Amino acid sequence: MQGTNRIVFNTAVLYTKIIICMVISLWTVPLVLSSLGKADFGLYNLVAGVIAMLAFLNGAMTVSTQRFLSVTIGEGDGKKLLEVYNLSILLHIIIGVIVVLLVESCAPLLFDNFLSIDPARLATARRLLNYLVVSVFFSIFMVPFDAVLNAYENLLVFSIVGVIEGLLKLSVALCLAHITGDRLNFYGIAIASVMVSVFLMKSLYVVFRYRHLRFSAAALRNMRLFREMFFFAGWNTISTLSIVFRNQGLAVVLNHFFGTVVNAAYGIGNQINGVLGYFSSTIQKSVNPQLMQSQGAHDSDKLFSMTYGLSKYSTLCMGIVAIPVVVEMPYILRVWLTNPPEGTVAISRLIIVLSLTYQLSSGLMSAIQSTGRIKWYTTTIGLLLLSTLPVAYAFLKYGCPTESALITACVIEVVALGVRLFFARRLVGLSVKTHITKVIIPVVLLFVGVGLILEIITLLVPPSFIRLLAVCITSVAVYCFFAYRLLLSKSEQAYVAQLVHKTIRR
């Protein structure tokens, strides 16, 4: 299958998965919130927020391993490919053990000195963390098998397993209401069991489908390659962990000042953002393998084109759903959850803005990672993102509202975008001016323009399902028109027009 057709096919497969998983997720959250109650739901999101963020960590670590697999595939070196596969498994077992030890060693400090948890639920919270540490290990151990599926662009299986995972979590949520004992304890065990099941499905499929990637002790002898992969994965993990610690650190800071009910609001905001994130991750999973392979083949023109395209399309794919959701957030939460925790609207909106800002860097990050020279990049970005926590803590300490913590994160993410542009120019030779003029400025103008039009509708029409429908239809129509005009090149416009014409003829 040709490159463009492969991307289109994989995107279609992943969007099918998105629709199914989005429905499942939207159904699951209110069930869990109703069964656990606001306090226990907030407690779960506080403790298990680290695990939720590990979905992000897993994706970023997968990109690290995929980088070596895809570049090696581009080079056409079968022996090195086998070495990369075996060494990546060994590497992630080591990383998994280190992360588990780190989480377990830090837990007493957090529980005893910082977190604001009802003493009657403290023992449950400690058990919950232990159950979810199992999820941590298998999430990390699963990375090499995810990377193989991504490197070979086998996103059909990836999507099928994703749907099965969503259905398993929905089954847990449906069972939760019928549990007579400690529901939070049951929920922690069940979610950990789901993660183990997903690991077994993916690993067994890769083992039997890609038999040329067999386990080989001889392939573990290339210590030079292992050191290269170890340092690359290590530096990339530091960068990714900085995002995890920033996001979950904000939950801990908010808990310290406002208690577990605010964590419930923060957890709901992250759930909504996770659903919207499906739309951007689809493009990334489709494009990343070929972007990495273009680096291995030393095809700079293709690398630059895909870098701009990935940043642009991943942001657009999230934005087309995110903008009407942000505008109609109060009505959506009232219908979805009936009585959402206080502050959920503002927190959810700011989390989505933070995520959209991050998406503008998606192509830049993949291009930088494809070079393998990421030591100073990851160190700089990691320290910058972690600076969010002391700044947010200071604002809250001096009486600023909850939203100030997330506004701080958004401002620092904008600064991080500038830093990533600097490193992309230095390491890859990417044009900063081109990225700003072809991606950032048009996307921001599009978002602001569509948002203002939708705000006018909300001022003229009272909240209702009819208004929600009008906002969604108007948003999609205006968004697609101006995205087509402002953000697509002549060749991209011609391709879209041809695709629409073929669809209509069918």
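Modeller: Leaving aside neighbours within four places in sequence, Lys-438 is in contact with Lys-312 and Leu-487. This is a predicted model, and in it Lys-438 belongs to helix H16, which covers residues 432–460. Its relative accessibility is 53%, and because exposed means over 50%, Lys-438 counts as exposed. Tyr-308 is 130 residues away from Lys-438 in sequence, yet the two C-alpha atoms are 7.9 Å apart in space.

Turning to helix H15, its 25 residues should span 36 Å at 1.5 Å a residue, and the C-alpha atoms at its ends are 36 Å apart, which agrees. Just after H15 comes Gly-429, which takes a positive phi of about 90 degrees.

H15 (residues 403–427) packs with helix H11 (residues 344–359) at an angle of about 5 degrees, and the axes of the two helices are 9 Å apart. Because angles under 35 degrees count as roughly parallel, H11 is roughly parallel to H15. On the H11 side the contact is made by Ala-346, Ile-347, Leu-350, Ile-351, Val-353, Leu-354, Thr-357 and Tyr-358, while H15 contributes Glu-403, Leu-406, Ile-407, Ala-409, Cys-410, Glu-413, Val-414 and Arg-420. Sorted by class, this contact of H11 with H15 has 12 nonpolar residues, one polar residue and three charged residues.

Key. Residues are numbered from 1 along each chain as its sequence is written. This is a predicted model: local features need pLDDT of at least 70, side-chain atom pairs count only at pLDDT 80 or more; totals for chains, interfaces and linings use all residues. Side-chain values use heavy atoms; hydrogens and water are left out. Axes are lines fitted to C-alpha atoms, for helices over the stretch in contact, and angles run from 0 to 180 degrees between N-to-C directions. Helices (H or I, at least four residues) and strands (E, at least two) are DSSP runs, numbered from the N terminus. Angles under 35 degrees count as roughly parallel, over 145 as roughly antiparallel, 65 to 115 as roughly perpendicular and the rest as oblique. Contact means heavy atoms within 4.5 Å. Ala, Val, Leu, Ile, Met, Phe, Trp, Tyr, Cys and Pro count as nonpolar, Asp, Glu, Lys and Arg as charged, and the others, Gly among them, as polar. Buried means under 20% relative accessible area, exposed over 50%, partly exposed in between (1.4 Å probe, protein chains only). The expected span of a helix is 1.5 Å times one less than its number of residues.
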